Amino acid sequence: MLIVGRLHPQKDHALLLRALAALPGDLVHWRLSVVGQGELEGDLRRYARSVGVAERVDWHGQVDDVYRHYETADILVLPSIHEGSPNALLEAMSCGLPAMSATLRPGHWNW
């Protein structure tokens, strides 16, 4: 799985980390690649450890060639609280990468 975006409450990375932790046993081999940087990086890394998925998350930070990540991912995940026209979705679509998103209410990112 891949998420591309700044590490900000709007993007709701915490929801994605909880979802990764909740995957059934036959899917524990799934990994999450996080591309982006932001003020929540330290908090999100600690949260990944607290929900038991730290070893399944690859933190790439800001990258020069994001398309390399789209081309090697199996799915783009967009758990954002709200979006306009997300660049990550358009970029993923240009690579033929399937995407999954969720509609959530404001305030849902409390963790």
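Colleague: Which residues of the largest nonpolar core touch the most other members?

Modeller: In general, nonpolar side chains tend to be buried together in soluble globular proteins. A nonpolar core is a set of buried Ala, Val, Leu, Ile, Met, Phe, Trp, Tyr and Cys residues joined through side-chain atoms within 4.5 Å. Here the largest such core has 17 residues, of which Leu17, Leu32, Val34, Leu44, Val57 and Trp59 touch the most other members. Two or more residues come from each of H1, S2, H2 and S3, and H1 gives the most, with 4 residues. A second, separate core of 11 residues includes Leu2, Tyr70, Leu78 and Ala88.

Colleague: On what basis are these residues numbered and these values computed?

Modeller: This is a predicted model, in which local features need pLDDT of at least 70 and side-chain atom pairs count only at pLDDT 80 or more, while totals for chains, interfaces and linings use all residues. Residues are numbered from 1 along each chain as its sequence is written, and side-chain values use heavy atoms, with hydrogens and water left out.

Colleague: What does leucine 32 touch?

Modeller: Contact means heavy atoms within 4.5 Å. Not counting residues up to four places away in sequence, leucine 32 touches Met1, Leu2, Ile3, Leu16, Leu17, Leu20, Arg56, Val57 and Asp58.

Colleague: How many salt bridges does a search of the whole structure find?

Modeller: A salt bridge is a side-chain nitrogen of Lys or Arg within 4 Å of a carboxyl oxygen of Asp or Glu. The search finds 4 of them. One of these joins lysine 11 and glutamate 83 (2.6 Å, N to O). Lysine 11 lies in the loop between strand S1 (2-4) and helix H1 (13-22), and glutamate 83 in the loop between strand S4 (76-78) and helix H4 (87-94), so the pair ties together parts that are 72 residues apart in sequence. Helices (H or I, at least four residues) and strands (E, at least two) are DSSP runs, numbered from the N terminus.

Colleague: Is lysine 11 buried or exposed?

Modeller: Buried means under 20% relative accessible area, exposed over 50%, and partly exposed in between (1.4 Å probe, protein chains only). Lysine 11 counts as buried at 12%, whereas glutamate 83 is partly exposed at 31%.

Colleague: Which residue forms a salt bridge with arginine 45?

Modeller: The partner is glutamate 41, with the closest N and O atoms 3.0 Å apart. Both residues lie in helix H2 (residues 41-50), 4 residues apart, so about one helical turn separates them. Arginine 45 is partly exposed at 32% relative accessibility, and glutamate 41 is partly exposed at 25%.
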